[in-house]
Amino acid sequence: MTNPLARIESHPHEAKRLIGINYNQFLALVSLAEKRHVEKQAEIEKNKIRIIAPGGGRKPEMSPKEGICLCLVYLRQKPIFEILGLLFDISKTKANDAFNYWVDILREILPASQI
C-alpha cells in the first residue's frame, strides 16, 4: 500500500480526493498546525520534571505532516485504525493516539463546521 502522504506529494492534484482539501490548503494547514504543535510542546516542557536530558529518548515515528495527513485521511474516509496504521506503517494504537493528538490541534485551528 502507498502511504497517502507520499501519494499526495507525488500527485498533488489527488489531494482533494484523498483528504478533502487541495494541496496548497493542506500545506497552509500543516504550517499552522506545526506552529500550534511547537507551542503545545513548549507548554508541556515547561511543566515537565525531567529524568532524561532534553533531546534524549526515542524520536517520534511520525512527522507532524504525516500526523496531520493521517488525521485528515481518517476524517475524510473513516477507515478503521488497523487499516490507517497499515497505510502509515505504524500500529493501530499509534494511529489512534496520533489521530486524537492532531484532531485536538485541528479543532483549535479550524472552525467546527470544517471538522
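Start by selecting Lys 78: this residue is exposed, with a relative accessible area of 53% (exposed means over 50%, buried under 20% and partly exposed in between, using a 1.4 Å probe and protein chains only). Lys 78 sits in the loop between α4 and α5, and its phi is near 55°, a positive value in a residue other than glycine. Most residues other than glycine have a negative phi.

A note on what you are viewing: this is a predicted model, where local features need pLDDT of at least 70 and side-chain atom pairs count only at pLDDT 80 or more, while totals for chains, interfaces and linings use all residues. Residues are numbered from 1 along each chain as its sequence is written, and side-chain values use heavy atoms, with hydrogens and water left out.

Next, select helix α4 (residues 64–77) and helix α5 (residues 81–88), which pack at an angle of about 140° with their axes 11 Å apart. Helices here are DSSP runs of H or I, at least four residues long, and strands are runs of E, at least two. The two helices are therefore oblique to each other (under 35 degrees is roughly parallel, over 145 roughly antiparallel, 65 to 115 roughly perpendicular, and the rest oblique).

Now show side chains: Glu 66, Cys 69, Leu 70, Val 73 and Tyr 74 in α4 meet Phe 81, Leu 84 and Phe 88 in α5, with contact meaning heavy atoms within 4.5 Å.

Move on to Asp 89, in the loop between α5 and α6 (92–109). Asp 89 has a positive phi of about 60° and is exposed, with a relative accessible area of 70%.

Finally, select residues 62–111: the chain there is 80% helix and 0% strand, and the end C-alpha atoms are 25 Å apart.

How values were computed: Axes are lines fitted to C-alpha atoms, for helices over the stretch in contact, and angles run from 0 to 180 degrees between N-to-C directions.
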